[in-house]
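Hi,

Here's the structure I said I'd pass on. Have a look at it first, then read my notes below.

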Amino acid sequence: MAESNDGTQKLVVGEGDGSKEVKLTPEQLKEIQKLLLGGATAAPLGDSQTSDKAPVLLSWDSLEVKLNDKNKQIHCPRCPSKICLEGVATFVESQMKMSKYKVDGPDEEVITKFWMLTSLMAFENIGVSHLVDDIKFLSCADCEVGPLGWHNINDRTRYYIAAERVRYSE
């Protein structure tokens, strides 16, 4: 994509003989980015109607948490999506072998620190995988990054989010 003299962006759509050059204004480009990226670049993290500035995001390493503590607001590690509100999950220790999360990470790792929610309805935004040996893995419903957690279908009262795989509002 190249900027033209009139401030618009030139975008080539298609390949070969069927390609066309389209000029986009900055506003049109933002709208296309919103559609393609699921809103990831469109709005600051959090509820833009109630706050003028995005909340500061914290990593797991910067939190001090004890067993049975309640959570801060939990967000997707990749996009601005809010996974759950503050105070709806409890910190627990459990054990689950989960598949690769980051490109440069191990193929599988054992996760032991989780936020436990007692209902699927307690989530603001969560994706659920197909069944794998009585387990459904959880991901971001907007950008599909994951697995971020898991749920055993034999226990409808426990949904686990891996504490180290998400971000937090300050």
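Let's begin with strands. Strand β11 and strand β12 (residues 159-162) run antiparallel and are joined by two bridges; strands here are DSSP runs of E, at least two residues long, numbered from the N terminus, and two of them pair if DSSP finds at least two bridges between them. Six residues sit between β11 and β12, which form a hairpin. Trp150 has Tyr160 in β12 as its bridge partner.

Before going on: this is a predicted model, where local features need pLDDT of at least 70, side-chain atom pairs count only at pLDDT 80 or more, and totals for chains, interfaces and linings use all residues. Residues are numbered from 1 along each chain as its sequence is written, and side-chain values use heavy atoms, with hydrogens and water left out.

β11 (residues 149-152) also pairs with β10 (residues 135-139), antiparallel over four bridges. There, Lys136 stands opposite His151, and Ile135 has Asn152 as its partner. Zooming out, six strands make an open antiparallel sheet in the order β7-β8-β12-β11-β10-β9. Its edge strands, β7 (90-99) and β9 (127-128), each pair on one side only.

Now the rings: there are six aromatic pairs (Phe, Tyr or Trp rings, Trp by its six-membered ring, with centres within 6.5 Å; planes under 30 degrees apart are stacked, over 60 edge-to-face, the rest tilted). One of them is Phe114 with Trp150, edge-to-face at 6.2 Å and 85 degrees. Phe114 lies in β8 and Trp150 in β11, 36 residues apart. Trp150 counts as buried at 7% relative accessibility (buried is under 20%, exposed over 50%, partly exposed in between, with a 1.4 Å probe and protein chains only).

Cheers
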